[in-house]
Amino acid sequence: MHELSIAQEILSSARAALQPYPGARLERVRVAVGELTAIEPELLRFAWEALLEGTPEAACDLDVEWRPAQQLCATCGVPKARPPRGWLPVCGDCGGPLRVDGGQELDLLQVSFVVPDGENGHERDD
Amino acid sequence: MSETIDPRQKILAANAAAAAALRSSFAAAGTLVLNLISSPGSGKTTLLEATTRRLVQRLRLGCIEGDIATERDADRLRALGIPAYQILTGGACHLDARQVHRALDEAVFPPLDVLFIENVGNLICPTSYDLGEDFKVALLSVAEGDDKPFKYPAIFARAEVTVITKSDLLPYTSFDLDAVRRQVTTLNPDGVLLATSSRTGEGVDAWCQLLADRLAGKRRQPA
Ligand SMILES: Nc1nc2c(ncn2[C@@H]2O[C@H](COP(=O)(O)OP(=O)(O)OP(=O)(O)O)[C@@H](O)[C@H]2O)c(=O)[nH]1
Ligand SMILES: [Mg+2]
Ligand SMILES: [Zn+2]
């Protein structure tokens, strides 16, 4: 169950990203998870809930964007339609070999947060 | 008021930074580093024992063992005369780069030609964690079945080398080596596949040759 470690990394990265906004509370975090990262979105969401349970940020949602890998024809370079989580042996059009592209994403995309009233503004470096 | 920012960063950025630091120190030392990943009991330690017996006179070998509990695997390699450090993860299902960094600080290995990092027995969790290795090795034993690459695509897509272990068991199973080869090639067209038996020694020379070639290749590269 490494999804818990991944959830912890997401949480600490998201919190680090909020450092310029004193008092900010996490509201929603969006991540991209590739098919070839060995991370299951469903387990990641469970881990996220377990991690935040009982904290002031327990209501913070985790949106997981699933990024499937693509199989491209090595000859014509065109992505071929593959069944979900299934793999094509060769290019259906020319019979040539396929290469695998993408599916390695494991990215923090977006962090939404609220700054409570009374916290006057935020300083940014830029 | 609700606000949104787009950090666009790697979730495992901290691990990636630790791995990059390890990679440059391994490059400076000229040490070839392998990260061995497989299910429990696929024969990682036994292959390292067979490898050590063949190479210990020629190359300076060392090993970091990752397990949830016991010093058993490190002891097996120390018994063959190479330095080995046991990381006990206490339940965690994978090694990360910071653990490897701490292990190297504590172990104080002599200069090494090849460092083997045997990950915690698990075909899934170790996949995403870069340990600063030159390449990952996925091991799959004949008894586990020939459908595994497509069932666990992440590791077989990433491992530069796949080693089929326990090839001496092929006559007793319906394991189809060509089917595995096709799956691995589909996921990883540039991947190398070797079949080995640590029991009979089949394929172990080819595996040792691969290590020697990769080490020579690394030493030729400007660090
Ligand atoms: N027949 C046969 N058995 C083997 C071979 N290699 C290993 N074994 C047996 O498989 C079992 C597990 O081997 P290990 O080398 O301990 O496996 P491991 O992958 O290191 O296991 P963990 O560290 O627990 O994940 C032992 O009983 C070995 O004797 C082989 O080539 N042929
Ligand atoms: Mg072992
Ligand atoms: Zn084609």
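This is a predicted model: local features need pLDDT of at least 70, side-chain atom pairs count only at pLDDT 80 or more; totals for chains, interfaces and linings use all residues.
Local features need pLDDT of at least 70, side-chain atom pairs count only at pLDDT 80 or more, and totals for chains, interfaces and linings use all residues; side-chain values use heavy atoms, with hydrogens and water left out. Residues are numbered from 1 along each chain as its sequence is written, while chains are lettered from A and ligands numbered from 1 in the order in which they are written.

Start where the chains meet. Contact means heavy atoms within 4.5 Å. By that rule, 35 residues of chain A are in contact with 29 residues of chain B. Together the two chains bury about 2800 Å². Buried area is the accessible area (1.4 Å probe) that two parts lose on being put together, summed over both. Carbon and sulfur atoms hold 56% of it. On the side of chain A, the residues that lose the most area to chain B are H2(A), E9(A) and W87(A), together 19% of what that side buries.

Now look at the polar links. There are 13 residue pairs in polar contact across this interface, both residues at pLDDT 80 or more. A polar contact is a pair of N or O atoms within 3.5 Å; within protein, one must be able to donate a hydrogen and the other to accept it, and residues adjacent in sequence count only if both atoms are side-chain atoms. The chains also share two salt bridges. A salt bridge puts a side-chain nitrogen of Lys or Arg within 4 Å of a carboxyl oxygen of Asp or Glu. One of them joins D107(A) to K10(B), with the closest N and O atoms 3.2 Å apart.

Which elements of chain A give two or more residues to this side? They are α1 (3-17), β1 (25-34), β5 (98-101) and β6 (106-114). Helices (H or I, at least four residues) and strands (E, at least two) are DSSP runs, numbered from the N terminus. β6(A) gives the most, with nine residues. By type, the side of chain A has 22 nonpolar, nine polar and four charged residues. Ala, Val, Leu, Ile, Met, Phe, Trp, Tyr, Cys and Pro count as nonpolar, Asp, Glu, Lys and Arg as charged, and the others, Gly among them, as polar.

Across in chain B, P7(B) sits in the loop between β1 (2-5) and β2 (9-10). P7(B) is partly exposed because its relative accessibility is 21%. Buried means under 20% relative accessible area, exposed over 50%, and partly exposed in between (1.4 Å probe, protein chains only). Beyond its neighbours within four places in sequence, P7(B) is in contact with A17(A), L108(A), L109(A), Q110(A) and V111(A). The C-alpha atoms of P7(B) and G43(B) are 42 Å apart.

Next comes the magnesium ion (ligand 2). Its protein donors are T45(B) (OG1), D73(B) (OD) and E118(B) (OE), lying 2.1 Å from it. Donors are N, O and S atoms within 2.8 Å of the metal (3.2 Å for Na, K and Ca); water is not among the atoms, so sites may look incomplete. Both T45(B) and D73(B) are buried.

Helix α2 of chain B also holds T52(B). T52(B) counts as buried because its relative accessible area is 1%. Apart from residues up to four places away in sequence, T52(B) touches L61(B), L77(B), L80(B) and I82(B).

Finish at N188(B), in the loop between α7 (177-187) and β9 (192-195) of chain B. A polar atom of the N188(B) side chain lies 2.7 Å from the backbone oxygen of A159(B).
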